[in-house]
Structure formats: C-alpha cells, structure tokens
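Trainee: I would like to learn how to read a protein model. Where do we begin?

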Amino acid sequence: MKLSIVSSLRGGFYFPDMLSGDTFRERLASLKRLNFDCVEIWGKWLKEDIDSVVAALKAEKVPAGNICSGFRGNLLAADSEERMTCFQDFHDLLELAARVESAGLVFVPLFARRPQMPDMSPWMDPYEVEMGIFVDMMGKLTQRAEALGVKLLLEPVNRYETHLFNTLEDAARVIDTVGSDALRITADFFHMNLEEADIGASIRQYGHLIGHVHIVDSNRYLPGQGHTDFAPGITALKEVGYEGSLSLECFARGNPEEVLPKSVTFMKNLLEK
Ligand code: LER
Ligand code: MN
C-alpha cells in the first residue's frame with residue numbers, strides 16, 4: 001500500500017493544505033521529505049494548471065495517486081444546467097486523471113440530505129429518478145474511463161452529507177448494476193467510522209471493489225489524533241490484497257509541520273505490522 005496525501009493546486013480546498021510550500025511544486029517537495037509515496041491532487045484548477053502540474057510531478061518525481069473532485073456543482077443536481085455542467089466536468093477530469101497518469105477520479109455524486117429530483121409517482125419516486133440518472137451517467141462515463149485506462153472512484157459518505165451512498169454496500173450495489181470495472185469504491189475511514197457496523201468486515205466483504213482509501217481519524221483529524229482503531233481496517237485491506245493508496249484527507253490538530261510527521265510515523269508503523 002502506498003501512503004498519499006491530498007494537496008491542492010493554488011492552496012486550500014475542502015480541507016486546509018497540510019503540506020508546507022507556496023506552490024504545488026514546493027508542496028510536492030515537502031511531501032517527499034515526509035516520506036509519502038504519492039499525491040492525491042485536488043481537482044480544482046487542474047484543467048487550468050495542467051501543464052505546470054505535469055511538469056512539477058516530473059521534476060519532483062512524485063507519482064499522482066489519483067485526483068479528487070474539482071467539478072462544479074452536483075452530478076445529481078435537480079437543475080439540468082448544473083447537472084450537465086458537472087457531467088461535462090467529469091469528462092474533462094477523467095482526461096486530466098489520465099494525463100497525470102493517476103488511478104482515477106475520486107467523487108461524491110451528491111451532497112444533499114434528501115433527493116433533489118422531482119417526484120414522478122406513480123412512475124418513479126425521487127430516489128428512483130436519481131438512481132436512474134446516476135446509472136445512465138455512469139454507463140457513459142465508465143466507457144470514457146475504460147478508454148482512458150482510469151477509474152471512477154465513487155465515495156460513500158456519511159448520512160449528514162448525502163442520503164445516497166453511505167456505506168460500502170450501497171456503492172457495491174450500484175457498481176453491480178453499472179457492471180463496469182472502471183467504477184470502483186473510495187473507502188474513507190471517517191465515513192466508515194460513522195456508517196459501517198464493522199469496518200474490517202465490510203472491507204473484507206467489498207475489498208475486491210475498493211480502488212482507493214481516504215485515511216482519517218474519528219474526529220476528522222490526522223490518523224493518531226482521534227480514537228479510531230485502524231488495525232482491523234488495515235489488516236482487512238492487507239487480507240484482500242489492496243495495493244492502492246491510503247490518502248490523508250483531514251485536518252491537523254496543531255502545527256502541521258510538527259504533527260504531520262508524527263502521523264506519518266503512526267501510519268507507517270501500522271502498515272508494517
Ligand atoms: C467528503 O466528506 C469527503 O470525504 C471527500 O473525499 C470529498 O471529496
Ligand atoms: Mn473522503
């Protein structure tokens with residue numbers, strides 16, 4: 001397994017950047033000093049900055065593990081203009097994921113606690129409309145991903161962020177419906193901690209579908225700064241032969257320059273056990 005960390009292109013994203021450096025290239029240099037194996041690139045500004053990103057990755061000899069988000073709006077927005085803009089951004093981001101030679105695009109299809117689509121009962125309720133559109137979109141996008149040799153890495157998130165895919169089982173079910181190897185799961189320990197009954201058991205059950213992992217503690221701080229027992233999850237990932245990356249996507253409690261190296265040691269010890 002490879003240890004990774006999310007970094008942005010122009011500073012800051014969903015979480016504050018923990019790597020020091022004013023530019024992406026400088027942050028890659030910090031990443032190497034901290035013994036990470038690869039980087040997860042936050043997708044915002046990737047289209048605009050692609051040439052300098054490719055140059056920075058090459059100059060620092062840092063592989064791109066994958067890219068995360070960076071699309072406008074929600075893929076399952078009720079407003080068709082927002083939905084289609086987002087869908088087009090997915091096409092672009094898949095190409096960019098291939099350009100940086102990464103595994104693929106990490107994404108959450110909808111941040112909303114209830115369905116956004118109209119109720120078309122008795123034909124379809126809002127949830128069925130959402131799922132119908134999602135499966136249709138995934139059919140088209142997985143064809144593109146297959147041609148490019150990258151994956152769509154669907155991330156189940158907790159119920160307070162989405163009503164749609166909360167567990168690995170939810171994601172596995174739709175992957176089965178779509179039926180493409182280019183659609184895989186991103187398993188995030190923060191969300192699994194809230195939604196899975198037994199993280200180790202879920203990983204063993206759906207491990208063959210896991211394409212990426214976000215590693216973060218119970219309180220969304222760095223691994224080692226909360227109360228998650230990572231051992232059962234890491235052991236299960238080893239058992240299923242997971243070879244992708246574990247990417248830090250979290251906040252730091254304290255000065256990142258001091259606490260980030262401690263978390264890296266914490267993670268490396270867990271992985272070596
Ligand atoms: C959202 O909570 C999350 O975990 C991220 O990976 C969003 O892209
Ligand atoms: Mn995540």
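Mentor: With the strands: a strand is a DSSP run of at least two residues of type E, and strands are numbered from the N terminus. Ser247, for instance, has its place in strand β8, residues 245-248. Keep in mind that this is a predicted model.

Trainee: Is Ser247 buried or exposed?

Mentor: Buried means under 20% relative accessible area. Ser247 has 0% relative accessibility, so the residue counts as buried.

Trainee: Which side chains does the side chain of Ser247 contact?

Mentor: A polar contact is a pair of N or O atoms within 3.5 Å. The side chain of Ser247 makes one with the side chain of Ser4, at 3.2 Å. A polar contact of 2.8 Å joins the side chains of Ser247 and Glu40.

Trainee: Now the ligand. Where does ligand 1 sit?

Mentor: Ligand 1 sits in the largest pocket. To read a site, list the residues around the ligand, then sort them by type. Around ligand 1 are Tyr14, Cys68, Glu155, Val157, Glu161, Asp188, His191, His214, Arg220 and Glu249. This shell divides into 3 nonpolar, 2 polar and 5 charged residues.

Trainee: Which polar side-chain atoms lie 3.3 Å from an oxygen atom of ligand 1?

Mentor: A polar side-chain atom of Tyr14 lies 3.3 Å from an oxygen atom of ligand 1, and a polar side-chain atom of His214 lies 3.3 Å from an oxygen atom of the ligand. For His191, an N or O atom in the side chain is 2.9 Å from an oxygen atom of ligand 1. As for cover, ligand 1 taken alone exposes 260 Å², and the protein buries 98% of that.

Trainee: Glu155 was on your list of residues around ligand 1. Where is the place of Glu155?

Mentor: Glu155 is in the loop between β5 (151-154) and α5 (168-178). With a relative accessible area of 4%, Glu155 is buried. Glu155 and Thr85 are 70 residues apart along the chain, and their C-alpha atoms are separated by 20 Å.

Trainee: What should I look for in the backbone?

Mentor: Most residues other than glycine have a negative phi, and most peptide bonds are trans. Exceptions are therefore worth noting. In this model, phi of Asn35 is near 70 degrees, a positive value. Asn35 is found in the loop between α1 (24-33) and β2 (38-42).

Trainee: What is the phi of Ser69 near?

Mentor: Phi of Ser69 is near 55 degrees, a positive value in a residue other than glycine. Ser69 is found in the loop between β3 (64-68) and α3 (80-99). At 16% relative accessibility, Ser69 counts as buried.

Trainee: And the peptide bonds? Is the bond from Ser121 to Pro122 cis or trans?

Mentor: The bond from Ser121 to Pro122 is cis, with omega near 5 degrees. Pro122 has its place in the loop between β4 (104-107) and α4 (126-148).

Note on methods
Residues numbered from 1 in each chain as written. Chains lettered and ligands numbered in written order. Predicted model: local features only at pLDDT ≥ 70, side-chain atom pairs only at ≥ 80, totals over all residues. Heavy atoms only, no water. Near = heavy atom within 4 Å. Polar contact = N/O pair within 3.5 Å; in protein donor to acceptor, adjacent residues only side chain to side chain. Areas by Shrake-Rupley, 256 points an atom, 1.4 Å probe, with all protein chains shown as cover. 1 Å grid on protein atoms, 1.4 Å probe; cavity = no way out; pocket = protein on both sides within 12 Å on 5 of 7 lines; lining within 4 Å. Sits in = over half its atoms within 2 Å of the grid points. Nonpolar A, V, L, I, M, F, W, Y, C, P; charged D, E, K, R; others polar. Helix = DSSP H or I, 4+ residues; strand = E, 2+ residues; numbered from the N terminus. Buried < 20%, exposed > 50% of the residue type's maximum accessible area, 1.4 Å probe, protein only.
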